[in-house]
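Here is a walk through one protein model, with the sequence and the 3D view side by side. Keep both open as you read.

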Amino acid sequence: MIGDTIKRLREDAGLSQSSLAKKLNVTRSAVNAWEMGLSAPTTQYVVDMARLFRVSSDYLLGLTTETTLVLDGLNEEEKRILYSLIDYFNEKRD
């Protein structure tokens, strides 16, 4: 399951296996093995990917389906705009 999540997050981020490998300082074949379920990333790589993709390690591991929105570094006005957009999309869904 983690392999599918890694692949989806990687593709959503527009990264190739090689570019993700470079960011994590591993080989492309290591990323490929994770995605194919042949091996699993170590705890450190799970943490690194969670930070890179801005998701929780629980999400990456498939323990939760909830996603988070990291607002660190944004000012109050920027946060207000994001909250307004979220409210807008939620209303459209109802």
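What follows is a short tour of the core, the aromatic pairs, a surface patch and a few loop residues.

Keep in mind that this is a predicted model.

**The core**

Let's start on the inside. The largest nonpolar core holds 16 residues, and the ones with the most contacts inside it are Ile 6, Leu 20, Trp 34, Met 49, Phe 53 and Leu 60. Which elements give two or more residues to this core? They are helix 1 (2-12), helix 2 (17-24), helix 3 (28-36), helix 4 (43-53) and helix 5 (57-61).

Once you skip its neighbours within four places in sequence, Ile 6 is in contact with Leu 20, Trp 34, Glu 35, Pro 41, Met 49 and Leu 60. Thr 5 sits in helix 1 and is buried as well, at a relative accessible area of 9%, which is under the 20% cut-off. With neighbours within four places again left out, Thr 5 is in contact with Tyr 59 and Leu 60. Leu 60 therefore turns up in the contacts of Ile 6 and also in those of Thr 5, a residue that counts as buried.

**Aromatic pairs**

Now for the rings. A pair of aromatic rings is described by the distance of the centres and the angle of the planes. How many aromatic pairs does a search of the whole structure find? It finds two, and here they are:

| Pair | Centre to centre | Angle between planes | Type |
|---|---|---|---|
| Trp 34 and Tyr 45 | 5.6 Å | 45° | tilted |
| Tyr 88 and Phe 89 | 5.4 Å | 65° | edge-to-face |

Trp 34 is in helix 3 and Tyr 45 in helix 4, so this pair ties together parts that are 11 residues apart in sequence. Trp 34 is buried, with 5% relative accessibility, whereas Tyr 45 is partly exposed at 23%. In the other pair, the planes of Tyr 88 and Phe 89 stand at 65°, so the pair is edge-to-face; the cut-off for that label is over 60 degrees. Tyr 88 is partly exposed, with a relative accessible area of 42%, and Phe 89 is partly exposed too, at 47%.

Together with Ile 81 and Leu 85, Tyr 88 and Phe 89 make a nonpolar surface patch of about 390 Å². Ile 81 belongs to helix 6 (residues 76-93). Is Ile 81 buried or partly exposed? It is partly exposed, at a relative accessible area of 41%.

**Loop residues to look at**

Next, some backbone angles. Most residues other than glycine have a negative phi. Asn 25 has a phi near 60°, a positive value in a non-glycine residue. Asn 25 lies in the loop between helix 2 and helix 3 and is exposed, at 69% relative accessibility. Arg 54 also has a positive phi, near 55°. Arg 54 is in the loop between helix 4 and helix 5, and with a relative accessible area of 55% it counts as exposed, since the label applies over 50%.

Last stop: Gly 14, in the loop between helix 1 and helix 2. Gly 14 is exposed, with 64% relative accessibility.

Terms used. Residues are numbered from 1 along each chain as its sequence is written. This is a predicted model: local features need pLDDT of at least 70, side-chain atom pairs count only at pLDDT 80 or more; totals for chains, interfaces and linings use all residues. Side-chain values use heavy atoms; hydrogens and water are left out. A nonpolar core is a set of buried Ala, Val, Leu, Ile, Met, Phe, Trp, Tyr and Cys residues joined through side-chain atoms within 4.5 Å. Buried means under 20% relative accessible area, exposed over 50%, partly exposed in between (1.4 Å probe, protein chains only). Helices (H or I, at least four residues) and strands (E, at least two) are DSSP runs, numbered from the N terminus. Contact means heavy atoms within 4.5 Å. Patches are made of residues with over 30% relative accessible area and no salt bridge: like charges are joined within 9 Å, nonpolar side chains (Val, Leu, Ile, Met, Phe, Trp, Tyr) within 5 Å. Accessible areas come from the Shrake-Rupley method with a 1.4 Å probe; for residues, only the protein chains shown count as cover. A salt bridge is a side-chain nitrogen of Lys or Arg within 4 Å of a carboxyl oxygen of Asp or Glu. Rings of Phe, Tyr and Trp (its six-membered ring) pair if their centres lie within 6.5 Å; planes under 30 degrees apart count as stacked, over 60 as edge-to-face and the rest as tilted.
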